[in-house]
Amino acid sequence: MRRASQASLDPTACCFTDILDIWGDGPRAKCFLNSLGSYEEKLQSAWLLPCFDSAYCCQHNQFCCYTGSSERFRVQGPPCVDWSPAGSQQGIHGEQLPTMLASGAKTRVTGSQLVGLENVRQLPGHVVQDAFGPDFEFFDATLSPDQVGFEFMSRERAYFAGVFKEKATWSSDPGFVLQHALHHLQREATPKYGPSVLLCGSPDDIREDNFNLACHRAHLKGTTLSQRMKLPFDHLLNFNERERLNMYIWKFHNHNSDRNLCNFADLACHLGDDPRTGWTTWSATSHAMPTLRRSSWADCMP
């Protein structure tokens with residue numbers, strides 16, 4: 001974890017910020033597309049918008065060209081809020097549809113031979129195909145972590161693999177390759193353990209890691225490691241996160257469900273969600289880590 005927090009981008013690589021910049025003024029293009037009435041209008045207009053081949057690069061502090069290197073494979077994960085059960089569920093009428101359409105536009109500009117796209121399983125395949133266009137051929141599958149040897153995670157997602165037909169072809173049937181891979185990745189028997197086994201290391205090692213990572217937290221900026229080590233453990237969280245963690249713990253001990261709850265040591269909570277609003281992202285009922293997302297996590301070790 002410490003190594004990951006210190007990782008840096010290769011000096012020769014570019015770092016672009018907003019994929020909507022493919023249309024120049026991204027916010028303006030998004031506002032324009034969202035002002036249109038139907039899905040068909042938005043799709044047609046997105047294809048007619050002029051595309052730019054460069055944008056501001058944070059790495060080099062200048063405008064850099066998207067097509068500066070021979071890009072073969074592009075990985076994308078457009079926002080899922082329009083399709084997710086935890087989001088707006090507005091689908092093709094959601095505010096983030098332009099971002100999906102921009103994903104296709106940028107891939108066409110860069111001339112990527114292959115594209116991999118991840119999203120929630122509710123995302124319709126025709127939306128992906130519409131965004132990228134008829135020159136791309138897609139294979140899609142819905143997968144969960146337990147299918148590839150990660151039984152302690154609960155994150156079912158849709159995956160799309162596409163080829164730009166002018167530059168690449170399937171050398172093997174993707175469905176057969178997927179089933180072959182899944183056959184070799186699945187365990188013969190699912191271990192009867194909970195998420196706590198994912199904490200590789202002694203409690204002291206985990207505690208030291210947490211205090212080291214705390215230097216990247218906004219409310220602890222400027223503090224030294226020795227100062228952080230003297231803090232109560234829950235002060236590594238900000239005020240809102242502590243409040244939410246307390247509510248998670250209260251809800252765990254006062255849960256009315258007939259389902260068997262996990263052991264307290266296996267309770268993992270996502271503190272970006274507020275249980276007071278009725279939404280919980282935790283391992284209590286699934287006995288598995290519910291997701292990997294940005295923002296804060298808490299593992300309730302005894």
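Q: Which residue lies over the face of Trp47?
A: A charge is taken to sit over a ring if NZ of Lys or CZ of Arg is within 6 Å of the ring centre and within 35 degrees of the ring normal. At 3.7 Å from the ring centre of Trp47, the residue over its face is Arg108.

Q: On what basis are such values given, and what kind of model is this?
A: Residues are numbered from 1 along each chain as its sequence is written, and side-chain values use heavy atoms, with hydrogens and water left out. Local features need pLDDT of at least 70 and side-chain atom pairs count only at pLDDT 80 or more, whereas totals for chains, interfaces and linings use all residues, since this is a predicted model.

Q: How many aromatic pairs does the structure hold?
A: Rings of Phe, Tyr and Trp (its six-membered ring) pair if their centres lie within 6.5 Å, and planes under 30 degrees apart count as stacked, over 60 as edge-to-face and the rest as tilted. By this criterion, the number of aromatic pairs in the structure is eight.

Q: How many residues apart in sequence are the parts that the pair of Phe16 and Tyr66 ties together?
A: The pair of Phe16 and Tyr66 is edge-to-face, with 4.9 Å centre to centre and 70 degrees between the planes. Phe16 lies in the loop between helix H1 (2-5) and helix H2 (26-35), and Tyr66 in the loop between strand E2 (62-65) and strand E3 (73-76), so the parts tied together are apart in sequence by 50 residues. Helices (H or I, at least four residues) and strands (E, at least two) are DSSP runs, numbered from the N terminus.

Q: Is Tyr248 buried or exposed?
A: Tyr248 forms a tilted aromatic pair with Trp282, at 5.8 Å centre to centre and 45 degrees between the planes. Tyr248 lies in helix H9 (residues 239-253) and Trp282 in the loop between strand E7 (268-270) and strand E8 (297-299), so the pair ties together parts that are 34 residues apart in sequence. Buried means under 20% relative accessible area, exposed over 50% and partly exposed in between (1.4 Å probe, protein chains only). Because its relative accessible area is 0%, Tyr248 is buried.

Q: Which backbone oxygen does the side chain of Asn119 reach?
A: Asn119 lies in strand E4 (residues 114-119) and, at 1% relative accessibility, counts as buried. Leaving aside neighbours within four places in sequence, Asn119 is in contact (heavy atoms within 4.5 Å) with residues including Trp83, Met100 and Arg157. At 2.9 Å, the side chain of Asn119 reaches the backbone oxygen of Pro78.

Conventions: A polar contact is a pair of N or O atoms within 3.5 Å; within protein, one must be able to donate a hydrogen and the other to accept it, and residues adjacent in sequence count only if both atoms are side-chain atoms.
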